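Please open the model in your viewer, with side chains ready to display, and follow the stops below in order.

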Amino acid sequence: MNYELLCTKVSSIVKLTGNFIRKEAMQFDANKIEYKGLNDMVSYVDKTAEQKLVQNLEKLIPDAGFITEEKTISRVGKTYTWIIDPLDGTTNFIHGIPAYGISVALYEDGLPVIGVVYELNRGEMFYSYKGGKAFMNKKEIHVSVNPDLKSSLLATGFPYYQFEKQAQYLKLLEEMMQKSHGVRRIGAAAIDLVYTACGRFDTFFEYNLQQWDFAAGCFIVQQAGGEVFDFSGGNDYFEKREILATNGKLTKEMLIAISKHFS
């Protein structure tokens, strides 16, 4: 498998789909949204974008499986699996807030080999592949070198359903606000992760995510020299659906802080 060539083809497919989303954003009717659950919205744009991605990715590896947010397809692959979020940041898109994108990851035998995240409004394509480095629009990217929380900018996400852990999360957030340059909440985990990969954020933490939210972004962070853990400091973030992504230098401080509030 030529991962570099495949990554280039995936990036082209993602860009074409991004052009469709941009066009729809100019004429989108918020009355056409549907609700999958509490505060969990979807539109025809999400579904159509996913179908476009699937149709083109199928041509690259015909026997690959798919895990997709909108479930326009569900297929188990023996070796390869695409994990797709066709529009990460749907709520932002619906409300006309320019922070959303596409996330596509390819896993081979349970391990990531390609990650692509396309931030549509800035036209920034983040990507990496097995055996390569991490890039944004053909420029190599690296995580930040900030050595401690007091010099760092953090990113997170707020719970919008399943609020059982909200109180402890707010305690953690209070501590982080006091110890850092600040905490940002963009509303699109894939973008938070690639912004961590390129050093705009120094760390990102969030719980209750879905694998399509972070499959590509976590891989890109790691390829850019960063670290990714669950809230216990282990590697079980796929199953636990909780992410701590850091530049490596902040890992210990962040895990100590998180352990005070999450067990």
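Select Asp 230, which at 1% relative accessibility counts as buried (buried means under 20% relative accessible area, exposed over 50%, partly exposed in between, with a 1.4 Å probe and protein chains only). This is a predicted model, in which local features need pLDDT of at least 70 and side-chain atom pairs count only at pLDDT 80 or more, while totals for chains, interfaces and linings use all residues. Residues are numbered from 1 along each chain as its sequence is written, and side-chain values use heavy atoms, with hydrogens and water left out.

Lys 240 belongs to helix 7 (residues 237–240), whereas Asp 230 sits in the loop between strand 13 (227–229) and helix 7, 10 residues away; helices (H or I, at least four residues) and strands (E, at least two) are DSSP runs, numbered from the N terminus. Lys 240 is partly exposed, at 38%.

Next, select Arg 122, Glu 124 and Arg 200, which salt bridges with shared partners join into one network.

Finally, move to Glu 175 and Lys 179, which form a salt bridge at 2.7 Å, N to O, and are separated by about one helical turn because they lie four residues apart in helix 4 (residues 166–179).

Note on methods:
Salt bridge = Lys/Arg side-chain N within 4 Å of Asp/Glu carboxyl O.
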